[in-house]
Amino acid sequence: MEHAPGAACPTLVRKHASKDTGMHIGSQIVIRAARESDAEAIRAAVTAVAAEKWYIATVEGFSPDETRAFLKHIIEGNLPQVTALAGDTVVGFCDILPNTAVGFTHVARLGMAVRAQWRRQDIGRQLLDACLALAKKAGIEKVELEVFSDNLGAIRLYESCGFAREGVKLRGRKLDERYQDVVLMALWM
Ligand SMILES: CC(C)(COP(=O)(O)OP(=O)(O)OC[C@H]1O[C@@H](n2cnc3c(N)ncnc32)[C@H](O)[C@@H]1OP(=O)(O)O)[C@@H](O)C(=O)NCCC(=O)NCCS
């Protein structure tokens, strides 16, 4: 799948349909590179997933300024990033950001999420596939990520795309008196 900044990619076809789960069935989802004008919609998506508390490494999300700066960095650097949208709503995102330190530039770090109501509809897999293709094109050799060990759905998705476990940070996070181990995973491109 080719992505140019701001270019729309093929519309996704939904795999699952349910009247009971609250999932948004039947809407058209477009996966494309983020634009600077998406900043507020992306911030809203990150904030929503962060507020769930247990899946990503922030419970608060990021400020409008931080989000704009992040997006500007990605767009100006033409870095691997894709966003899933239902209309103007960002329902998911994936980015793979290269390490800029001398000796580490062959490695990049992956972050992704899909908003709760939109999960299990193949959006995560399509975001991941599209973003990995961009990373490969960008010459990234190794994609690394960290995932909480109790995030079994995410781990399954990563393993199905070829990521392998490299280690674990035991009790790497403590939130609400609950410890979570942090699993280190990586994919050699
Ligand atoms: C992980 C996440 C991105 C997956 O996105 P998604 O759109 O729900 O995933 P998909 O529908 O594309 O599922 C792809 C595969 O992942 C696995 N998977 C995803 N969610 C799963 C779950 N809850 N339980 C078991 N397997 C799951 C399955 O193997 C699935 O394939 P299948 O549907 O053919 O069985 C999403 O659950 C999410 O955003 N979670 C919260 C944020 C997060 O965990 N981000 C990653 C932090 S490291």
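Helix H1 covers residues 39-52, and at 1.5 Å a residue its 14 residues should span 20 Å, which agrees with the 20 Å between its end C-alpha atoms. The model is predicted.

Several residues of H1 are buried: Ala39, Ala41, Ile42, Arg43, Ala45, Val46 and Val49. An α-helix has 3.6 residues a turn, so residues three or four places apart point the same way. The cover over the buried residues of H1 includes helix H2 (64-76), strand S3 (81-86), strand S4 (89-98) and S5. After H1 comes Lys53, with a positive phi near 80°.

Strand S5 also belongs to a right-handed β-α-β unit, made with H3 and S6. The pairings of S6 are as follows.

The ligand is surrounded by 22 residues, and the closest are Arg119, Gly124, Arg125, Gly153 and Leu157. Two or more residues of this shell come from each of strand S5 (107-114), helix H3 (123-137), strand S6 (142-148) and helix H4 (152-160). H4 gives the largest share, 6 residues. By type, the shell holds 12 nonpolar, 5 polar and 5 charged residues.

Methods:
Residues numbered from 1 in each chain as written. Predicted model: local features only at pLDDT ≥ 70, side-chain atom pairs only at ≥ 80, totals over all residues. Near = placed C-beta within 6 Å. Helix = DSSP H or I, 4+ residues; strand = E, 2+ residues; numbered from the N terminus. Nonpolar A, V, L, I, M, F, W, Y, C, P; charged D, E, K, R; others polar. Right-handed = clockwise from strand over helix to strand, strands pointing away. Expected span 1.5 Å × (residues − 1). Buried ≥ 20, exposed ≤ 12 C-beta atoms within 10 Å, placed from the backbone. Contact = placed C-beta atoms within 7 Å.
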